[in-house]
There are 2 protein chains.
Amino acid sequence: MDFEDTHGARLKMALATIRTDVDDAFDALLPVPGDTRAPLVEAMRHAAIGGGKRVRPLLLVATSTMLGVSREAAVLAGTAVEAIHVYSLIHDDLPCMDDDDMRRGKPTVHKAFDEATAVLAGDALHALAFDILTDSSVSSDPFIQAELVRCLAQASGMSGMAGGQAMDMAADSATYDLPTITRLQQLKTGALLTASVEMGAILARVPHDARGHLIAYARDIGLAFQIADDLLDHEGDEDKAGKALRKDDEQGKQTFVTLMGAEGARAQAKALVEQACGHLAHYGEDAGVLCDLARYIVERDR
Amino acid sequence: MDFEDTHGARLKMALATIRTDVDDAFDALLPVPGDTRAPLVEAMRHAAIGGGKRVRPLLLVATSTMLGVSREAAVLAGTAVEAIHVYSLIHDDLPCMDDDDMRRGKPTVHKAFDEATAVLAGDALHALAFDILTDSSVSSDPFIQAELVRCLAQASGMSGMAGGQAMDMAADSATYDLPTITRLQQLKTGALLTASVEMGAILARVPHDARGHLIAYARDIGLAFQIADDLLDHEGDEDKAGKALRKDDEQGKQTFVTLMGAEGARAQAKALVEQACGHLAHYGEDAGVLCDLARYIVERDR
């Protein structure tokens with residue numbers, strides 16, 4: 001087994017483990033009630049369990065593990081971040097937004113249930129995230145709980161994911177230039193990826209002004225992630241992706257691929273990944289999973 | 001000026017003051033950015049500023065004032081509760097939910113903007129609420145911040161408001177009996193009203209097991225509030241309400257009025273209000289605004 005294979009195996013195991021852990025956490029958090037709220041909770045389970053790469057929980061867990069935090073607390077905090085990510089997917093897929101029928105290889109929530117249930121399932125997952133973060137299983141220290149909530153609320157709201165989505169929806173997005181697309185994606189995708197890493201640091205009690213390297217790593221992989229997404233949308237396989245592709249092209253939207261060309265985008269994503277790993281150099285081998293994950297982010301086929 | 005007039009004047013002033021305070025807080029929290037996120041923030045402002053009775057912020061502020069907390073912190077926490085209430089109104093008004101055109105005397109957000117912006121504005125207000133609660137202006141104590149977040153997240157999610165809304169949407173709601181309608185409304189409306197009072201107690205550092213009287217007050221007025229709402233929907237004035245009425249009747253939905261009759265419902269609401277005020281008896285005159293507010297809740301004409 002050569003160097004590359006060893007690293008691939010380590011990441012493969014980390015991805016498989018986090019998938020099971022997050023599925024188990026959602027399963028325990030979402031028991032189906034014996035009253036007419038059942039369809040709501042079934043819809044939340046449909047969206048939250050058994051799909052997705054779980055990149056955000058793994059980022060959080062790998063960061064906090066590198067910094068010496070117990071896995072159990074980190075998995076639960078990672079599940080809160082994933083709840084935010086899943087709620088945003090449910091709402092983004094709605095007919096009034098991207099109008100998508102398939103997500104993670106399954107019908108979207110408004111297709112499997114109905115639109116009203118999809119709106120509500122997203123809302124309930126949004127609230128669940130903050131409920132999770134103030135549970136004593138995440139941290140018995142309210143200071144940590146409050147910092148986690150602040151970090152995630154800001155990444156989710158108008159100065160983060162929702163703000164990026166609004167920029168994406170704006171009518172003149174077809175004319176965005178590279179700095180504007182970069183800013184848009186830093187909000188839409190980057191904010192939550194950065195929050196995942198930062199929440200790992202918060203769990204490890206890394207003070208605010210000592211998080212610079214970690215946040216720099218997260219920003220670089222956030223951008224690389226989005227460039228890889230644009231490349232996948234441009235040239236990927238719909239079956240593997242589990243969702244419709246080439247929508248950006250159809251809508252004439254500006255993306256990293258239209259602005260830099262496929263080859264330029266690929267080169268930029270790779271450069272960002274190497275730069276990201278460089279930010280973690282002084283953690284040595286402890287940063288192994290985070291570096292593997294960075295490389296996976298640009299090399300994945302879904 | 002007789003007894004009734006004095007009490008009416010006190011409440012009138014409290015309602016006017018909280019309206020200004022909450023409007024000012026939202027105005028400061030929601031500056032319109034100079035990029036394409038502007039329509040999102042304009043939509044949030046449209047829904048959040050300049051409308052509504054602000055019952056929830058007043059409940060929170062009156063409770064914490066009664067318990068000796070500074071008004072400034074309480075207004076900000078009350079604004080967080082109102083942000084949750086406003087987000088729920090935006091989503092409830094969507095075409096796939098109640099499909100309403102008017103709210104608080106203005107076009108609903110999806111009418112004034114578009115559906116996608118309405119979904120996103122609701123989501124961004126949802127996140128804003130938790131961002132507010134972890135700000136040091138609400139409390140410098142992370143223990144208080146975390147307790148406020150937990151209380152509000154639970155009131156907003158599947159075990160609270162979202163769960164009640166799901167029960168309301170369930171196809172068989174036409175056959176609900178009185179205990180089920182009571183449970184539904186305790187979740188849909190009651191959870192957030194109770195959270196408003198409980199958050200006032202949290203700000204005042206009232207320990208969990210000493211909040212019984214306050215929570216009993218909140219549960220009673222929550223039920224009275226919904227009975228009054230059903231009465232208004234049945235016999236109110238659409239111009240005063242600022243929204244469409246008689247939708248429950250049209251849809252053949254069971255309400256407190258269909259189950260108890262208008263006279264029975266009115267008597268029950270009044271009995272609940274007296275019972276609510278009884279729970280606060282040992283606070284004497286300090287509970288004045290909370291008792292006035294309880295009476296206003298059943299006597300209001302909008």
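Me: How many residue pairs are in polar contact between chain B and chain A?
Reply: The count is 13 residue pairs, both residues at pLDDT 80 or more. A polar contact is a pair of N or O atoms within 3.5 Å; within protein, one must be able to donate a hydrogen and the other to accept it, and residues adjacent in sequence count only if both atoms are side-chain atoms. This is a predicted model, in which local features need pLDDT of at least 70, side-chain atom pairs count only at pLDDT 80 or more, and totals for chains, interfaces and linings use all residues. Side-chain values use heavy atoms, without hydrogens and water.

Me: Which element gives the most to the side of chain B that touches chain A?
Reply: H6(B) does, with 12 residues. Helices are DSSP runs (H or I, at least four residues), numbered from the N terminus.

Me: And how many salt bridges across that interface?
Reply: The rule finds zero between chain B and chain A, taking a side-chain nitrogen of Lys or Arg within 4 Å of a carboxyl oxygen of Asp or Glu.

Me: What area is buried between the two, then?
Reply: About 3800 Å² is buried between chain B and chain A, and carbon and sulfur atoms give 71% of that. Buried area is the accessible area (1.4 Å probe) that two parts lose on being put together, summed over both. B:Thr36, B:Arg37 and B:Met158 supply 18% of what chain B buries against chain A, more than any other three residues.

Me: How many residues does the contact take from each chain?
Reply: It takes 48 residues from chain B and 48 residues from chain A, with contact meaning heavy atoms within 4.5 Å.

Me: Changing topic: what does A:Leu152 contact?
Reply: Leaving aside neighbours within four places in sequence, its contacts include A:Ala80, A:Ile84, A:Phe130 and A:Met199.

Key
Residues numbered from 1 in each chain as written. Chains lettered and ligands numbered in written order. Helix = DSSP H or I, 4+ residues; strand = E, 2+ residues; numbered from the N terminus.
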